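Colleague: Could we go through this model together? I would like to ask about a few places as we go.

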Amino acid sequence: MTQENITLNKINEHKSVLGQESAEHELVADFTTENKLAKHAIQVHKFGGSSLATGKCIKRVVEIIRKNCQLNDIVVVSANGKNTDSLFAIYALVEQSITAQASQTSDELTQAITDLAEKQAQLITEILNTNNTKQLLLLLSKDIAQLTSWLAGDIVQHHNDILAFGEVWSARLLSALLNEQVCPSNSIDARDFLVIDNDQNCVVDTAISAAQLRKRRQFGKLAVITGYISKDARGNSCTLGRNGSDYSATIIAALVAAGNVTLWTDVDGIYSADPRVVPNARKLHRLPNGIAKELGRLGNPVLHAKTLLPLINPHSEHHTHLHVASSFDPEVIGTEIGKFGQIAKQELSVTYLNDLLLAQSVSFIGEAGAKAHAEFSPICMDDKEGFMVITQTQQKALSQWLASHDVEVSFKPVAIIATVGHKVAERGDIKARFKRSLKTAKPLNIVGSDNKHSVIAILPEACSIELLNTVHHEMTKDARHIGLVVAGMGNIGQRFLELLPAQLNKVYALENLHLVGLLSSKKALINNDGIDVNQATSLFVQDAQTYDTEQLISWLSHHPYDDLIVVDITPSEDFSLLYEQIFALGIHVIGANKWAASSSTEHYNNLVNTADSNNSLWLGNTTVGAGLPINYAIDDLRQSGDSISELSGIFSGTLSWLFETFDGSSKFSELLLNALAQGITEPDPREDLSGRDVQRKLLILARKAGFELALEDIDCQNLVPEALQSLSTSDFLARVDELDDYFATALREANNKGACIRYVARFKYNETTGISAKVSLEVLPQSDAFANLTPCDNIFQINSNWYKDNPLIIRGPGAGRDVTAGGLHSDLVNICQQLTHKHTQVKIKGMN
């Protein structure tokens, strides 16, 4: 155990009382709880205004903190709810009253201040105990008095001090509640340590800020720090711009070298467009740093333009990961921002900004244009055409800068819409598709960004919601990313992987499929950036690591794909028992494994219901008949309105071979040992002769046909005499000739009737007599459809309303590497085709 952990354990053993350094910045806490935090990794967590808007929301945040933080972590907060908006509105009313000198405005101002104070007081009273409520209400009263005083004086001087109240109240309130219920905590006003150059550039003085933060933090306490606000070198209050709390969080993370920053907001990640106005926006599970930075610059509603700046330092060996998650759905995996491979780099997004200006001047051409670009960092620029796009707030500064060069400039109101992705400005296909999607918008110009991560269209009018949705659809309609996990690295599994490269190249439905996991019973190779399908088997041998079920479920719970498909090619009952957890995660399964589909009625029904309720697809064509389309045929008949009354056939390739080959010229035991030597039977032939495999297959098909029955409802004739059933495999093989008399007699009696013997599965349903089902050795006429098969073939016969007198028959190889692997690929294409049309609308929570 490290010295730090020893120290933390000692702290956790004792109850603490939070001291008071300053009534303005730190609350005397009345708490008796021990530390109840669950995690032990240094992190920064930022909570937005909607996450802290109500008492219920704040309690939810406290639970997130309890599960995800440790004592020396840092929590950064925005103002509760709309408090900052209210403070802006109050400030505007004061400006209005100064201009209008109207008593009506004064009354409106008084009411606005009262409403703000009452709303914050209600929050305090709702969630804190009596002692802390009393103290926080006293501090709130002092703040309101100070606010009123500033509003009556020089409001310009105190503009940022006025806006800072929202964050101060939020941090103070959350810290007090944490002290009551979870752990020792102290609230910190960021103006006590965070120093920037000015409100415009927001460049941090890292050395001074880090040193002052070290003084303010208290070891063994969870720090709750105000976002959005800071100070300049002269000590004046500054803000980091609207939504600047995200920037505060990453600044602080850089100051303390945190391992992770999580931005908790009202959406569960970053989407391919603003999900509030594009219902079919896709979550971007993993976003490369450069793309995230470009999205923030171009108006993504979740990412502040400067959020990533403190985390991207090419000269530093320390790397902080950024996550975006929802405080309203904390268990849902959000978006991770960092360094990723090609899969993440394929993602495309669409974003927009309105209320911009197109500035045209000769000073934007050539070398002069480079100086202008360095000075103003425009949204986009063309130094050949001599224009740049800027925000409206930059107009005055740009005009003054050009006036000092005695150069004229013209301004035109514009908007932009952009497609963002890794090096998209260098991709002709993306640019062409983007231009086609804009054909009705008639853009003034289309330019690539300097970093090549966006293509930007300059619009003569504001970007409409209709245009945004149209462009988003065109740019992302084929962008779904599907992860593939293959469980089972045996004979069939390896053949499945051998066929995969060619399938990916020629089947359009598999275009966005990525092999990301390979599993055997003991080892796993998982790579979120994709496993080279051409080297899958060798990479597994080289790099696979031991794993357990808990590790596997944890990874499946956090996979970064739109959908995940698990192909189960194992014979393992234990693996089939994971299906319920897999379906609960919304993951799809292709199963060659018969255990789940032939399990108890209760378990099977539970699996079906769990899959349905979580929109998980479950296909298992290869559980019966290898690659033969018997499952598809049954599905098609039922979905088309037909009703099946009978299912019958020869379902075992092994028993098919044995009884097609057994003609009396050699003993049955000799034939069986020959089949064993060829690999036609299981290593213990009794697995085939018992009929259990056929019994399970008949159960699977009957359930597929819509009937509810269990394995014990199917009579099963075991072809192994009872005396041989409990022997070891070696002892059974030593006495295998004891089978000969029975089968010789059965064959002789059948031949005397001009018939043959076959092991047949039969299921019948009659409205009067109900269900009958059995698998057994039957005597069949030579003219029967089941009598003359190619050895190893399966045959399936379906009787239904549509196929009464002339049944539907499906016949062909029921086993083999190629046909079974081919059947698995058939299911894979089927699922991917279904997922192509899957659309999940984003649910925005916490937005009132």
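**Working through the model**

Modeller: S600 counts as partly exposed, at 45% relative accessibility; buried means under 20% relative accessible area, exposed over 50%, and partly exposed in between, with a 1.4 Å probe and protein chains only. This is a predicted model, in which local features need pLDDT of at least 70 and side-chain atom pairs count only at pLDDT 80 or more, while totals for chains, interfaces and linings use all residues. Residues are numbered from 1 along each chain as its sequence is written, and side-chain values use heavy atoms, with hydrogens and water left out.

Colleague: Where does S600 lie?

Modeller: S600 lies in the loop between β22 (588-591) and α20 (601-613). Helices (H or I, at least four residues) and strands (E, at least two) are DSSP runs, numbered from the N terminus. In sequence S600 and A710 are 110 residues apart, yet their C-alpha atoms are 6.1 Å apart in space.

Colleague: Stepping back, how many helices and strands does the protein chain have?

Modeller: The protein chain has 29 helices and 29 strands. Along the principal axes, its C-alpha atoms fill a box of roughly 115 × 70 × 55 Å. Of the 848 residues, 53% count as buried.

Colleague: Which residues touch the most other members in the largest nonpolar core?

Modeller: Those are L174 and I417, in a core of 128 residues. Helix α6 (residues 159-181) gives the most to this core, with 12 residues. There is also a second, separate core of 53 residues, which includes I634, L658, L711 and F732. A nonpolar core here is a set of buried Ala, Val, Leu, Ile, Met, Phe, Trp, Tyr and Cys residues joined through side-chain atoms within 4.5 Å. In soluble globular proteins, nonpolar side chains tend to be buried together.

Colleague: Changing topic, how many salt bridges does a search of the whole structure find?

Modeller: The search finds 28 salt bridges, each being a side-chain nitrogen of Lys or Arg within 4 Å of a carboxyl oxygen of Asp or Glu. One of them joins D189 and R191, with the closest N and O atoms 2.7 Å apart.

Colleague: Is D189 buried or exposed?

Modeller: D189 counts as buried, at 4% relative accessibility. R191 also counts as buried, at 18%.

Colleague: What about D268, which residue does it form a salt bridge with?

Modeller: D268 pairs with K283, and their closest N and O atoms are 3.3 Å apart. Both residues lie in the loop between β7 (260-265) and β8 (286-288), so the pair ties together parts that are 15 residues apart in sequence. D268 is buried, and K283 is buried as well.

Colleague: And how far apart are D693 and K697 in helix α25?

Modeller: They are 4 residues apart in helix α25 (residues 692-704), which means a separation of about one helical turn. D693 and K697 form a salt bridge whose closest N and O atoms are 3.1 Å apart. D693 counts as partly exposed at 24% relative accessibility, whereas K697 counts as buried at 8%.

Colleague: Which residues are linked in a network of salt bridges?

Modeller: R495, E498, R817 and D818 are linked in such a network.

Colleague: Next, the backbone. What is phi of C202?

Modeller: Phi of C202 is near 55°, a positive value in a residue other than glycine. Most residues other than glycine have a negative phi. C202 is placed in the loop between β3 and α7, and C202 counts as buried at 2% relative accessibility. Another positive value belongs to Y228, with phi near 75°. Y228 is found in the loop between β4 (222-226) and β5 (229-231), and Y228 is buried, with a relative accessible area of 4%.
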